[in-house]
Amino acid sequence: MELAFTPTGEDFREAFAAQARHTTVGRAARVVWWVPAAVSLLGGALKLADGGAGVSDAVEAAALVALALYVPRLQAASAHRRVSRRGGPRTVVVDGGGVSVTDRCGTQTRAWSTLSGFVETEHLFLALTRRGSCLLILAKRGTPDPDGLRALLARHAAPVGRPAPADPAPQAGV
């Protein structure tokens with residue numbers, strides 16, 4: 001199956017958000033950013049209750065909350081810039097051997113053995129590495145047959161967040 005699309009900033013934002021919801025790596029990244037913000041807010045609230053909170057406490061809490069909110073957006077923007085430098089449109093071939101991505105810089109091929117699963121969002125499929133990080137973004141707009149792409153991915157990698165479809169049981173007498 002062949003896809004043709006140009007990755008957008010929105011693709012990367014949607015991919016990072018899906019990874020944060022569906023993978024251990026993504027959930028851990030959220031914890032790394034939100035725990036310090038929550039601790040700072042709690043500490044500031046306790047200091048405020050004792051009458052000892054200062055401007056620096058408010059600034060620290062605001063900065064940590066801002067980081068927790070904006071770091072995922074900054075990461076998505078950075079990833080989009082890196083991919084954009086490789087060229088605009090890309091062609092992706094998904095077949096029995098794996099996934100090949102061709103852009104103006106050449107072709108990269110990933111065997112199915114490098115993938116552990118995939119996540120489906122409203123507009124994308126994300127192919128994940130064994131560690132749960134996003135390896136490839138496959139935009140549904142790049143193919144006229146997203147159902148066929150879903151079936152092909154499910155044949156080689158398990159959907160994350162739900163069990164992989166079982167092979168149909170052989171029917172007796174057929």
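The predicted protein contains four helices and eight strands. Read from the N terminus, the elements follow the order β-α-α-α-β-β-β-β-β-β-α-β. Of the 174 residues in the protein, 33% are buried. The contacts can also be viewed by sequence separation: among those between residues at least 6 apart in sequence, 52% join residues at least 24 apart.

Two packed helices are described by the angle between their axes and the distance between the axes. For helix 1, which spans residues 9-22, and helix 2, which spans residues 24-50, the angle is about 95 degrees and the axes lie 5 Å apart. Since angles of 65 to 115 degrees count as roughly perpendicular, helix 1 and helix 2 are therefore roughly perpendicular to each other. On the helix 1 side, the contact is made by Gln19, Ala20, Arg21 and His22, while helix 2 contributes Thr24, Val25, Gly26, Arg27 and Arg30. By residue type, this contact of helix 1 with helix 2 comprises two nonpolar, four polar and three charged residues.

Attention now turns to the strands, with strand 3 as the guide. Strand 3 covers residues 98-103 and is mostly covered, with five of its six residues buried. Strand 3 is paired with strand 2 (residues 90-95), to which five bridges join it in an antiparallel arrangement. In this pairing, Thr91 is found opposite Thr102 of strand 3. The link from strand 2 to strand 3 is a hairpin that passes through two residues.

Strand 3 also pairs with strand 4 (residues 106-111), again in the antiparallel sense, and here the pairing extends over six bridges. Gly98 has Ala111 of strand 4 as its bridge partner. A hairpin is formed by strand 3 and strand 4 too, with two residues between them.

Which residues does Ser100 contact, leaving aside its neighbours within four places in sequence? Ser100, a residue of strand 3, is in contact with Thr91, Val92 and Val93 as well as with Thr107, Gln108 and Thr109. With Thr109 there is also a polar contact, in which the two side chains are joined at 2.9 Å.

Definitions and conventions. Residues are numbered from 1 along each chain as its sequence is written. This is a predicted model: local features need pLDDT of at least 70, side-chain atom pairs count only at pLDDT 80 or more; totals for chains, interfaces and linings use all residues. Side-chain values use heavy atoms; hydrogens and water are left out. Axes are lines fitted to C-alpha atoms, for helices over the stretch in contact, and angles run from 0 to 180 degrees between N-to-C directions. Angles under 35 degrees count as roughly parallel, over 145 as roughly antiparallel, 65 to 115 as roughly perpendicular and the rest as oblique. Contact means heavy atoms within 4.5 Å. Ala, Val, Leu, Ile, Met, Phe, Trp, Tyr, Cys and Pro count as nonpolar, Asp, Glu, Lys and Arg as charged, and the others, Gly among them, as polar. Buried means under 20% relative accessible area, exposed over 50%, partly exposed in between (1.4 Å probe, protein chains only). Two strands pair if DSSP finds at least two bridges between them. A polar contact is a pair of N or O atoms within 3.5 Å; within protein, one must be able to donate a hydrogen and the other to accept it, and residues adjacent in sequence count only if both atoms are side-chain atoms.
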